[in-house]
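Work through the exercises below with the structure in view. Each task is followed by a solution in steps.

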Amino acid sequence: MLRFTLRRLGFVLLTFLIASLLIFSLTEILPGDVATMVLGRFATPSALQNLRAKLGLDRPVYIQYISWLTNFIIGKWGDSISTQAEVFGLVMHRLKNSGMLALVGCLIYIPTGIFLGIVAAFRKNKWLDQTISMTSLAFIGLPEFVTGVILIAIFAIKLRIFPASSAIDPDARFIEILPQLVLPGITIALTNLAYVIRMTRSSTVEVLQTEYVRSAYLKGLRPGYVLRKHVLRNALLPTVTIIAISIAYLIGGLIITESLFSYPGVGRLLLFAISHRDLPLIQATSMLIVLIFSVSNFFADIIYAYLDPRIRYK
Amino acid sequence: MGKKDSIPVLEVEKLTVSYETELGVYQAVRDISFSIKSHESFGLVGESGSGKSTVALAIVRYLASNGRVTGGNVRFHGTDIYSLPMNKLRSFWGSKIGMVYQNPQAALNPTITIGRQLAEMGKTHLGMSDREARQKACEILGMVAMPDPESVIERYPYQLSGGMLQRCVIAMALITRPELLIMDEPTTGLDVTTQAVILDLIADLKKKFDSAILYITHNLAVVANICNRIGVLYAGNLMEQGTTQQVVSGSKHPYTFKLLDCVPRFEHGRKKQLLSVIPGSIPRLDEIPRGCVFAPRCSLAERTCRAVRPPLIEIEQNHYTSCRLWERVHELEAEKPEAIADGALEDIPFLKVTGVKKYYPARVKGGGIFGRRKKYIKSVDGVTLWVNKGRTLGIVGESGSGKTTLARVISGLAGATSGNIELDGEQLGKTVQERKQEQLRNIQMVFQNPETSLNPYHTIAETVGRPIMLMGKSNKKEIQDRVIRLLNAVKLSSHYYNRLPGELSGGEKQRVAIARAFASTPGLVILDEPLSSLDVSVQGSLLNLLIELQLQSATSYIFISHDLAVVQHISDWVVVMYLGHIVEWGDAVKVLKPPFHPYTEALLSAIPVIDNKGVRMRIRLEGSVPSAVDIPPGCRFNTRCPRKQGNICETEEPPWQEGEGGHWIRCHIPMDKLNKLQQPIADKI
């Protein structure tokens, strides 16, 4: 298990390195360099030259890359060009907010998705299964800005249960802002919910047909026990992977959902950074997203191996 | 005690099971009655599609959701299984009725340790604590002769071999000492040697436990060795029922009679003789004949047979048959096929394989993340053999002996690591890519499973026509004619021309695969277990077909099989492989008579034989073929050899010894000594 974990960790590092190279190369691809961005198009050449020297832009590219990467790792992410604020603190603050929103989303879609998937599998081809499957298919098709608007229309405008805007006080605690997180939480949950339902359903259907489940029933074990010990463990294996991948969708969903609900999270920060061509901010947020993505995949692998001994010993 | 003995443990009375499908409702099993008392073992024999597994599932009331019992009943100690409430039935499952399944890999949960899966039984049915249940699991594993139970219970199913897993499944069923034990093809997926060990185990357990046993299988020889009574199932009907003696030695039903007759046996001895066959195939569920279900394939059948379905009648005590003409069954004896003239062929070597090795890199446990030692799986480790023109070379060995890898190397599907292959005097390239078109044409293959070797979306015409086209014929009419001629040659009518593989039975598919192999008029056809996935009644007709095709075309065969009886029937020369080496080879008749290599002897001894005359030699190999990564030093067979001589076997590679008339054995024991040791036992085969 240790060797397996180390190998997976190696893969995470590799992914991270490759992604960092790509992200760094943004500075090379985007028109103009950082100095031009900071000083504007009408800056004098000498002023530009000074700033370049100050920022180290006159050094060879690979040295720039290495120093950029080491700075990133030790948390020196530089200053934002548009707000002049320190990037690290800015991003971390927004990350906390996004984390809260994502948490609410996960708490909604993971248990509901697994539950509905299992229900659908046990009622395979009956009306309940078909209703669940059709509805979930519809949600896969609907993007967040549609479901979000519908939710706002119903729950915020018509029923007035939850607020439409989720602009929050920076120092508010989780419990205080929870009502504001419900609608955006549901919005990001819906698309992922559909994937989790479908994956859980199909793998549960498959496992229910295996001979070992038949033999478990014919051993005289109680159905609830067979479900917990024999069916779920095997059926949830593919679901674990899907959930990890869904974290990636979640980030994409966050960008849209956060702007829809004016919620101050990483997604909206990234959007802001891109529209202001704020390079240090773009780099930091992108790197962070890659990090979240590969770490969640890493945990998926570890959980998968824990659940399936065949993977563990390979 | 007296009362318990008089009421049968299981009574099946006029059981009819139907399946509801998109095309209608079909009866899979009709009007079946039998009963089993405690201490008794009843064998239910049938080919695929006979409904034998349906019977098993109907008995435990676990039919698929579209299956229903539409007639008759099943009683367990007098209680109707189908009148029980669900929770009561569940208390029977596992505790009073145990089951053992065909495929132990599939029957055990891959993510739970063996120990936990076994302990579930004790905890659920015997009210045991975790510790007690574990202890019980160990104890019962010991009873099924599992080596080192303490460590086995910590393992996961994928870490054990097939034979070990089947022991675990049997042990699991026995924990509660069930009154009825249902075994559904428990040895079918296993090697012959492992099958023999498991069958011995079952026979031994029969003495220790007083369970009634229902043993379901397609193999008559297996039930003949295990069961007191036998029921023969065909297309959902019980054809004959009686004591093992009555059914096996005095069958009074044409189906049973022919089934016993169409299996190749050692006493046939003479080569190039056709087997007796059952014409036609098992009817599909939607075309069950109105009268006797066997009538369309029966040579005795009369008009009444086709019109009225005959009932099961008792013809002597406990012996039932559903044949109206049972008194005439002995007439079938006369239907022996004539021996065919085996044209005098000059022995010209066609394929020569010299010192061929095939190594695969192995991933070895241990070593750091980076510092991995290089190791190899030595699948084929120095094989030299040749095949003469128009002759058949049989290759036998357990799984893991390297026979399939050797076939792949010869055909070029896998490139040899070293060694030389010559075909018709011409050196062959290592892989298919390195060989000339003409050489590719000359070697064709037939694989074990026709279900996966035929493209399901290509019609039969496309499948058989493609090699003809690739070999340079482009005229459409010409190709079509040739395809039809090939189909006729494999005894398929031209109706099959435009069909898809999905519309064909297993036997028909394998015929198509053979037609495809012959399409390019090859000089050598490699047949890798071509009959293993087919029913017994179909195997015989395919063996006949292969022999006839060879006589017509003078094609050479390499015939790979684990079934020694089939191999000796079709082969002129036989090679016995073990762990990548040839351990014995020679004329087919010579190899299968003493002296043999101790490994050949063990393989022969493992085959269950129907007419068991007195004592048989009993040699059992424990475990399975060792890993081809860590090959034992000295004689490769020394770790399992029942005739091991001592130190020399572990240290020195055995020499080749030559016997009479082209017969070679690789063993330290001198030929005449082997002969002396084996002769008296071999007489009793």
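## Strand partners and chain contacts

In β4(B), B:Tyr19 has B:Gly67 as its bridge partner. This is a predicted model, in which local features need pLDDT of at least 70 and side-chain atom pairs count only at pLDDT 80 or more, while totals for chains, interfaces and linings use all residues. Residues are numbered from 1 along each chain as its sequence is written, and chains are lettered from A and ligands numbered from 1 in the order in which they are written.

**Exercise 1.** Find the strands that pair with β1 of chain B.

Step 1. Two strands pair if DSSP finds at least two bridges between them.

Step 2. Strand β1 (residues 10–21) is joined to β2 (residues 24–36) of chain B by nine bridges, and the two run antiparallel. One point to check is B:Glu20, which stands opposite B:Val25 in β2(B). With two residues between them, β1(B) and β2(B) form a hairpin.

Step 3. Eight bridges join β1(B) to β4 (residues 67–76) of chain B, again read as an antiparallel pair.

**Exercise 2.** Describe the open sheet of eight strands in chain B.

Step 1. The strand order is β6-β7-β8-β3-β9-β10-β12-β11, with mixed pairing.

Step 2. At the edges are β6 (97–100) and β11 (313–316) of chain B, each of which pairs on one side only.

Step 3. From one strand to the next the twist averages 20°; axes are lines fitted to C-alpha atoms, for helices over the stretch in contact, and angles run from 0 to 180 degrees between N-to-C directions.

Step 4. Within the sheet, β3 (residues 41–45) and β9 (residues 229–234) of chain B run parallel and are joined by four bridges. B:Val45 stands opposite B:Val232 in β9(B).

Step 5. Helix α8 (residues 162–174) of chain B lies across β6 and β7 (180–184) of chain B, at about 175° to β6(B).

**Exercise 3.** Is B:Lys473 buried or exposed, or in between?

Step 1. Apply the cut-offs: a residue is buried if 20 or more other C-beta atoms (placed from the backbone) lie within 10 Å of its own, exposed if 12 or fewer, and partly exposed in between.

Step 2. B:Lys473 has 14 other C-beta atoms within 10 Å, so B:Lys473 is partly exposed.

Step 3. B:Lys473 sits in the loop between α17 (460–470) and α18 (476–489) of chain B.

Step 4. For the whole chain, 47% of the 685 residues of chain B count as buried.

**Exercise 4.** How many residues of chain B are in contact with chain A?

Step 1. Two residues are in contact if their C-beta atoms, placed from the backbone, lie within 7 Å.

Step 2. By this test 23 residues of chain B are in contact with 19 residues of chain A. On the side of chain B that touches chain A, α3 (86–92), α4 (104–107) and α5 (114–125) of chain B each supply at least two residues. The largest share, four residues, comes from α5(B).

**Exercise 5.** Compare the radius of gyration of chain B with the globule rule.

Step 1. The radius is taken over C-alpha atoms, and the rule is 2.2 Å times the number of residues to the power 0.38.

Step 2. The radius of gyration of chain B is 26 Å, close to the 26 Å that the rule gives for 685 residues, so chain B is as compact as a globular protein of that length.
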